[in-house]
Amino acid sequence: MQRVVVMRHGDRLDQAEPIWPANKPRPWDPPLTNVGLLRAWTVGKRIRAAAAADGWAVHRVLVSPFLRCRQTAARAAAALCAVPDDAALLAIEDAANVPLDTSRLKVSIEYGLSEMMNTQAMGSIVGRVAPAVEKWFPDLPELEAVFPAGTIDHSVEPIYPEVPKWEESILEARSRYASVIRALADKYPHENLLLVTHGEGVGASVSYFEMGLDVYDVEYCAYSVLERQVAKKPGDEQGAGSFKVLTKSGTTGIRYAPVSESWSVG
């Protein structure tokens, strides 16, 4: 069986301080708040414990290039590869100075997991400057510097070599998220994945893989869990079943219902 966990980033600073983007060189890229950093660590521990209880572990983490996602992934990755056992780890309130076994995990950037690239998701300040932006993010070494040392997989080629084009529609973004989730799962069929992305991406991980459901709330650090059967076919061709959404509404910060209702979360 293959499991894919799709997680939203933690609490972003510009939501707590709305004027934050006004004079920043990259107003689309706020960091996490202190609460967001703590939430990412806590949920990372929760994901690890829940996986262990079901007899599996996360092998690989793929991350949106946005700082809020990279900081979230760094805390979650630390929880996933921490040396203390699950029971001891749950009692540790801060990721600082926790010993890590970085051989347990590989981490890399995936531009296809980026935020929905439009004014609705990023706001009017970003909307005004976005058409003239030539380079959205620093080079990979700077992006990767936030991750725990020893976890970065430099051999990975991302599905998307750069961020999506500006002013994609909501439906285009949701379709992108679903296709990238599928492509990453197919790329690493014998690994369990944690994908750290944005609210729309987490919503798409439910609504695109479980038809007839509308997602109406995705909290900070909410996550879904997808599962599928993966097996070898004759002739060494790789075969995989369809994903099943294991997450129940309200249990991991995602709420959905079998009704026709639009949703949008940033």
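I began with the secondary structure and found 9 helices and 10 strands in the protein chain, taken as DSSP runs numbered from the N terminus (helices H or I, at least four residues; strands E, at least two). The model is predicted, so I noted that local features need pLDDT of at least 70 and side-chain atom pairs pLDDT 80 or more, while totals for chains, interfaces and linings use all residues. Residues are numbered from 1 along each chain as its sequence is written, and side-chain values use heavy atoms, without hydrogens and water.

I then looked up the overall dimensions. The radius of gyration of the protein chain is 18 Å, which agrees with the value near 18 Å for a compact globule of 266 residues; I took it over C-alpha atoms, with the globule rule of 2.2 Å times the number of residues to the power 0.38. Along the principal axes, the C-alpha atoms fill a box of roughly 50 × 45 × 35 Å.

Next I checked burial: 54% of the 266 residues are buried, that is, under 20% relative accessible area with a 1.4 Å probe, protein chains only. Of the contacts (heavy atoms within 4.5 Å) with a separation of 6 or more, 78% join residues 24 or more positions apart.

I traced an open, mixed sheet of 6 strands in the order S3-S2-S4-S1-S6-S9, where pairing requires at least two DSSP bridges between two strands.

Definitions and conventions:
Buried means under 20% relative accessible area, exposed over 50%, partly exposed in between (1.4 Å probe, protein chains only).
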